[in-house]
Amino acid sequence: ARDCIAWPEGRGLTSYQARALRDLLDCHRVAVRAPHGVGKTAIAAIALWWFALTRDGTDWKVPTTASAWRQLTHFLWPEVHKWGRHIRWDLVGRSAPRPFVEILTCELHLTTGKAFPLASDKPETMEGAHADSLLVVFDEAKIIPAATFDAMEGAFSGGGADTAQEAFALAISTPGEPNGRFYEI
């Protein structure tokens with residue numbers, strides 16, 4: 001994120017963004033709680049690009065989910081597109097993804113994996129997200145149902161051919177009521 005993004009002069013990751021991304025790398029599961037407008041969605045978008053670009057060539061997936069479909073289509077995925085335009089592709093070692101082929105409105109398709117949205121209101125539809133490397137992004141997680149978190153937990157079990165060997169989870173949200181799975185995390 002620091003080196004492979006063309007940051008405007010005097011701009012870059014905030015200390016909390018850098019810490020969240022570093023914690024994701026070190027701990028594999030991170031929850032970020034902060035007020036509106038401080039860059040949580042940027043963390044998620046940058047993490048998605050990092051994960052996809054450092055794992056392409058192996059079996060990987062990045063399911064993204066949120067409390068409402070509009071959170072994905074109007075906020076998270078436009079942010080993914082925005083940060084994709086700022087990547088220094090010469091340093092990454094590949095050309096930018098081709099529009100309408102590799103990067104779609106709400107999906108990223110690279111050689112051996114993809115990132116995509118999933119609706120959180122039907123947890124049973126989320127249980128098939130398995131890959132050798134998996135990153136799950138929970139956006140505006142404070143009101144994602146606990147059953148959705150539970151459904152994704154199966155992908156983190158490891159140990160079998162159909163489960164993730166390397167699993168990461170990033171939950172981001174504004175603060176909410178003192179209850180629910182995001183609050184527990």
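Start by selecting F51: at 0% relative accessibility, F51 counts as buried. Keep in mind as you look around that this is a predicted model.

Is W50 buried or partly exposed? With a relative accessible area of 28%, W50 is partly exposed, because anything under 20% would count as buried.

Show both side chains and look at how the rings meet. The ring centres of W50 and F51 are 5.9 Å apart and the planes sit at 65°, so this pair is edge-to-face; the cut-off for that label is over 60 degrees.

Next, bring in F168. Together with W50 and F51, F168 makes up one aromatic cluster.

What sits over the ring of W50? It's the charged end of R55, 4.6 Å from the ring centre.

Time to move on to other rings. Counting aromatic pairs across the model gives 6. Among them is W49 with W89: the centres lie 5.7 Å apart and the planes are at 80°, so these two are edge-to-face.

W49 has 3% relative accessibility and counts as buried. W89, with a relative accessible area of 12%, is buried as well.

Terms used:
Residues are numbered from 1 along each chain as its sequence is written. This is a predicted model: local features need pLDDT of at least 70, side-chain atom pairs count only at pLDDT 80 or more; totals for chains, interfaces and linings use all residues. Side-chain values use heavy atoms; hydrogens and water are left out. Rings of Phe, Tyr and Trp (its six-membered ring) pair if their centres lie within 6.5 Å; planes under 30 degrees apart count as stacked, over 60 as edge-to-face and the rest as tilted. Buried means under 20% relative accessible area, exposed over 50%, partly exposed in between (1.4 Å probe, protein chains only). A charge sits over a ring if NZ of Lys or CZ of Arg is within 6 Å of the ring centre and within 35 degrees of the ring normal.
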